[in-house]
Amino acid sequence: MPVLTKTRLLTPGPTDVPADVLLEMAQPIIHHRTKQFQAIFAELSERLQRVFLTSEPVLTIAGSGTTSFEAAQINLVKPGSKTLTIAGGKFGERWQDIYDTYAPTLGITENIKLNVPWGEAVTAAQVEEVLKANPDISVVTLVNSETSTATAADVQAIAAVVSKTDALLIVDGITSVGTLPVKMDEWGIDVLVTGSQKALMLPPGLGFVGLGKRAQARLDEVKPTGYYNLDLRKWLKSWQKNDVPFTPPVSLIRGQRVALEMIENEGLENVWARSAALAKASRAAFTAMGLELISKSPSDSVTGAFYPEGVSDSAIRNGTRDNHSVHIAGGQDGRGASWKGKIFRISNMGYVDAGDILATMHAIETELNAQGQSIKPGTAVAAAGAVFAQG
Ligand SMILES: *Cc1c(COP(=O)(O)O)cnc(C)c1O
């Protein structure tokens with residue numbers, strides 16, 4: 001085979017960035033206290049609201065997804081209350097760690113951790129039980145699409161349960177907004193957070209926080225304690241004037257406006273359908289190769305499988321990268337499981353199409369066979385192709 005030079009970034013973040021977005025980001029820097037910047041920012045905010053399916057503010061914050069999620073967590077907890085942090089993977093565990101870290105500063109009396117096995121989704125009934133037993137919970141954190149385990153939770157059902165209580169629901173939509181159906185206003189999600197480098201087709205560096213009515217009221221009710229830059233009251237006040245409180249990454253903001261324009265031109269529901277088809281094809285190909293999927297409740301934004309016994313993680317991932325220019329991700333270790341070296345994952349979100357998935361399946365199959373597996377050549381591509389042929 002000739003050496004391929006087209007790099008495909010199939011890691012579930014960061015993901016590939018379209019050329020139109022890269023070109024926009026190469027524009028000269030403009031000053032942010034100008035009408036020109038405000039017009040760009042206003043358009044970005046409106047597009048974000050349409051992608052979040054909300055008529056409430058969606059703040060654009062410099063930093064990674066974690067920056068924005070941490071901001072939501074620390075701003076909204078009531079002093080003297082409990083928090084409920086749900087985890088079934090690495091990212092849910094991170095939100096648990098953040099409240100543990102801030103508990104003394106914010107006056108959290110107990111950070112209740114609801115853990116489910118990695119690869120499984122929490123149920124609304126489990127959440128309801130904890131809320132009933134602890135009426136003094138003021139914030140619940142939930143990961144919609146747990147990227148470390150490729151698992152999706154039923155946000156709609158859980159939001160229905162939480163919105164009947166005084167607790168606010170902060171949803172990690174970092175690999176769901178712009179790739180899975182997630183309807184902020186209709187489902188009653190209080191806070192929805194995402195980052196730029198997953199489904200939104202931008203390099204890393206921006207985070208977005210959608211703030212529902214109940215969350216805005218909570219910001220008025222609680223005094224900021226122990227943080228400054230991430231005080232969402234400041235961000236919200238500026239946002240009302242199409243502005244930001246501190247110097248923003250202007251180039252990323254320009255690029256994000258263009259990337260959202262691409263998403264809206266394709267149509268949000270078409271983007272969801274594309275991700276779903278790519279994920280279905282990926283699962284079919286992995287299964288056809290005899291691999292076991294890592295999730296019992298698979299997310300359509302990321303697909304993962306266990307390696308067969310005796311196959312080396314680094315050999316497969318270096319092989320797909322060096323021999324096929326396809327970058328895939330490995331597993332992570334956390335409190336709930338140790339998946340480093342045991343699993344691999346690919347992205348089905350953002351700037352990815354059927355050709356990328358076929359190339360990825362060919363690369364994985366070839367490298368598995370180079371590691372001693374005996375998969376009939378063409379199996380993975382045939383299985384994925386059969387899904388695409390259904391249209
Ligand atoms: C990537 C990711 C994060 C972390 O985002 P960063 O931008 O790396 O801080 C959090 N949650 C989920 C579900 C993710 O996929």
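**Entry 1: the largest pocket**

I began with the largest pocket, which is lined by 14 residues; Gly350, Tyr351, Val352, Asp353 and Asp356 lie nearest its centre. The model is predicted, so I kept its rules in view: local features need pLDDT of at least 70, side-chain atom pairs count only at pLDDT 80 or more, and totals for chains, interfaces and linings use all residues. Residues are numbered from 1 along each chain as its sequence is written, and side-chain values use heavy atoms, with hydrogens and water left out.

I looked up how a pocket is found. The search runs on a 1 Å grid over the protein atoms alone; a pocket is an open set of points with protein on both sides within 12 Å along at least five of seven lines, while a cavity is a set of points where a 1.4 Å probe fits but cannot get out. Lining residues have an atom within 4 Å of a point. Grid points are joined across faces, edges and corners, and a volume is the space filled by probe spheres set on the points.

The largest pocket holds about 210 Å³ of space. Helix α10 gives the largest share of its lining, 3 residues. I noted that helices (H or I, at least four residues) and strands (E, at least two) are DSSP runs, numbered from the N terminus.

**Entry 2: cavities**

I counted 3 cavities of 30 Å³ or more. The largest cavity has about 120 Å³ of space. Its lining has 15 residues, and Gly88, Glu120, Val143, Glu146 and Ala153 lie nearest the centre. Strands β3, β5 and β7 (151-152) are the elements that each give two or more residues to this lining.

**Entry 3: the sheet**

In what order do the 7 strands of the open sheet stand? I read β2-β10-β9-β8-β5-β3-β4, with mixed pairing. Strands β2 (58-62) and β4 (110-115) are at the edges with a single partner strand each, so one side of each has no neighbour in the sheet. From one strand to the next, the twist averages 20°. Two strands pair if DSSP finds at least two bridges between them.

I picked one pair to follow. Strands β5 (residues 137-143) and β8 (residues 168-172) run parallel and are joined by 5 bridges. Val140 has Leu169 in β8 as its bridge partner.

Next I checked the helices on the sheet. Helix α2 (residues 35-52) lies across β2, β9 (191-195) and β10 (206-211), at about 115° to β2. Helix α5 (residues 124-133) lies across β3 (82-87), β4 and β5, at about 155° to β4. Axes are lines fitted to C-alpha atoms, for helices over the stretch in contact, and angles run from 0 to 180 degrees between N-to-C directions. Contact means heavy atoms within 4.5 Å.

Thr83 is found in strand β3. Is Thr83 buried or exposed? I found it buried, with a relative accessible area of 0%. The cut-offs are under 20% relative accessible area for buried, over 50% for exposed, and partly exposed in between (1.4 Å probe, protein chains only). Not counting residues up to four places away in sequence, Thr83 touches Val77, Tyr99, Ile108, Glu110, Asn111, Ile112, Ile137 and Val139.

Thr60 lies in strand β2. Thr60 counts as buried at 3% relative accessibility. Beyond four places in sequence, the contacts of Thr60 include Phe41, Leu44, Leu48 and Trp235. I also looked at Asp243: its C-alpha atom is 9.8 Å from that of Thr60, and the two are 183 residues apart along the chain.

**Entry 4: salt bridges**

I searched the whole structure and got 25 salt bridges (a side-chain nitrogen of Lys or Arg within 4 Å of a carboxyl oxygen of Asp or Glu).

Arg257 and Glu43 meet in one of 2.9 Å, N to O. Arg257 lies in helix α10 (residues 250-266) and Glu43 in helix α2, so the pair ties together parts that are 214 residues apart in sequence. Arg257 is buried at 15%, whereas Glu43 is partly exposed at 27% relative accessibility.

Arg335 forms a salt bridge with Asp97, with the closest N and O atoms 2.9 Å apart. Arg335 lies in the loop between β12 (326-327) and β13 (343-347) and Asp97 in helix α4 (residues 90-106), so this pair ties together parts 238 residues apart in sequence.
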